[in-house]
Amino acid sequence: MRRSLELAMKGAGSVSPNPLVGSVIVYNGGIVGEGYHQRFGGQHAEVLAIASVADQEMLRQATLYVTLEPCAHFGKTAPCSDLIIEKGIPRVVIGCRDPHIKVAGKGIARLQAAGILVTEGVLEAESKKCNEAFIKSHTTGLPFVTIKLAQTLDGKIATSIGASCWITGEEARSEVHRLRSIYDAVLVGEATVRADDAHLTVRHCPGRNPLRVVLDGRLVLSLDAKIFDHEAPTILFASTLSESLPKVELLRQKGVTVLFVHEHSGKLDLRQMLAELHKRQVLSVLVEGGSRLSASFVHAGLVDKIAIFVSPKLFGGDALSAFAPLGVSMPDQAVQMLFEPPRFFGRDLLLEAYLEV
């Protein structure tokens, strides 16, 4: 199953809105076939693993391992459960169930009805983590949200005059580009665009550009901002109060999709915005904004994970802190997180934590 998970991750950035799935076939204690879902619309992991077995007769005495429950419905491909039954595979080991309404236990039931021995929940936590965005999408109707920040050892995301390029080194910045390539969308606020004028594309590693999402309630950004170029698709969310502004049509002429959401106390409705993205099959969002936007997502209860690159530098003074706007007054009011194992990228430390639920 660990090998199946390794294979599944090879599809990151290519299969969404489908899940990441890897499969291994074992005969007489050895691996005789492997496969993983490689691209959206392509063959499923089980199909490729079965096809890779040189002697198909071995399948009748083999065990198929797969990270996610085999599908039981016709989509872009035929049901994998039917193929498993057809090939006479006697045993299937599954990492976790598929939450998709068209599967959700139906694949397992079909296999068991055919007399196949099914074992569930092997490396279940790891299998669920592999598809955390897919699972959240199909259980809540909202994308998986990660906040990404870079800060100094004393928690500053910029100097006292607002300078932030560059806090971290090249290795950490390359990892950020890799993250962009596997998320469906990267999101920033207008303040970050004005401060950095970043492309928000993938350049330091192989991979596809994510959808770029900009929050600009009152359409204050310049039409010449780099994020409005044609390097990647871009959606701009504005307040419904801005629907009649002439700039809307100018942005659309540049190829930008402009959508409108409600505004509350001068801030865009983040939940409505995420729901609109989800309608467009965006399952994961990487938020690369500053302290105000990051704190707004936390306040709204819309954050699943935080990834902070910590540089061994000190800025001191009154430089901006990562989540300063949260303004917690007492320690017991803190937002509780659960750490993942830390990782180093060059001299910089990546700290990842999930919201405690």
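User: Why does Ile-50 count as buried?

Analyst: Buried means under 20% relative accessible area, exposed over 50%, and partly exposed in between, with a 1.4 Å probe and protein chains only. Ile-50 has 2% relative accessibility, so Ile-50 counts as buried. A word on the basis: this is a predicted model, where local features need pLDDT of at least 70 and side-chain atom pairs count only at pLDDT 80 or more, while totals for chains, interfaces and linings use all residues. Residues are numbered from 1 along each chain as its sequence is written, and side-chain values use heavy atoms, with hydrogens and water left out.

User: Where is Ile-50 placed, and what is Ile-50 in contact with?

Analyst: Ile-50 belongs to helix 2, residues 45-51. Helices here are DSSP runs of H or I with at least four residues, strands are runs of E with at least two, and both are numbered from the N terminus. Contact means heavy atoms within 4.5 Å. Leaving aside neighbours within four places in sequence, the contacts of Ile-50 include Ile-25, Leu-59, Leu-64, Leu-83 and Ile-89. Lys-267 is 217 residues from Ile-50 in sequence, and their C-alpha atoms are 52 Å apart.

User: What makes the radius of gyration of the protein agree with a compact globule?

Analyst: The radius is taken over C-alpha atoms, and the globule rule is 2.2 Å times the number of residues to the power 0.38. For 357 residues a compact globule would come near 21 Å, and the protein has 23 Å, which agrees. The C-alpha atoms fill a box of roughly 70 × 45 × 40 Å along the principal axes. Within the protein, 48% of the 357 residues are buried. Of the contacts with a separation of 6 or more, 69% are between residues 24 or more positions apart.

User: How many helices and strands does the protein have?

Analyst: The secondary structure comes to eleven helices and 17 strands.

User: What makes strand 14 "mostly covered"?

Analyst: Strand 14 spans residues 305-311, and seven of its seven residues are buried. In a regular strand the side chains alternate between the two faces of the sheet. Here Lys-305, Ala-307, Phe-309 and Ser-311 point one way, Ile-306, Ile-308 and Val-310 point the other way, and all are buried.

User: Which strands pair with strand 14, and in which sense?

Analyst: Two strands pair if DSSP finds at least two bridges between them. Strand 6 (residues 144-152) has seven bridges to strand 14, in the parallel sense. Strand 17 (residues 348-355) has six bridges to strand 14, in the antiparallel sense. Both pairings meet the definition. As examples, Phe-309 is the bridge partner of Ala-150, and Lys-305 stands opposite Tyr-354.

User: Why is Lys-313 called partly exposed?

Analyst: Lys-313 has 35% relative accessibility, so it counts as partly exposed. Lys-313 sits in the loop between strand 14 and strand 15 (337-339). The C-alpha atoms of Lys-313 and Thr-152 are separated by 5.1 Å, although the two are 161 residues apart along the chain. Beyond neighbours within four places in sequence, Lys-313 is in contact with Thr-152, Leu-153, Asp-154, Trp-166 and Ile-167.

User: What makes helix 11 mostly covered?

Analyst: In helix 11 (residues 291-299), seven of the nine residues are buried, among them Leu-293, Phe-297 and Val-298. What covers the buried residues includes strand 6, strand 7 (185-189) and helix 10 (270-279). After helix 11 comes Gly-301, with a positive phi near 70°.

User: Which backbone angles deserve a mention, and are Ala-104 and Ser-265 exposed or partly exposed?

Analyst: Most residues other than glycine have a negative phi, and most peptide bonds are trans. Ala-104 has a positive phi near 35°, and Ser-265 has one of about 55°. With a relative accessible area of 41%, Ala-104 is partly exposed, whereas Ser-265, at 79% relative accessibility, counts as exposed. Ala-104 lies in the loop between strand 4 (91-96) and helix 4 (106-113), and Ser-265 in the loop between strand 11 (263-264) and strand 12 (267-268). The peptide bond from Ser-16 to Pro-17 is cis, with omega near 10°. Pro-17 is in the loop between helix 1 (2-8) and strand 1 (22-27).
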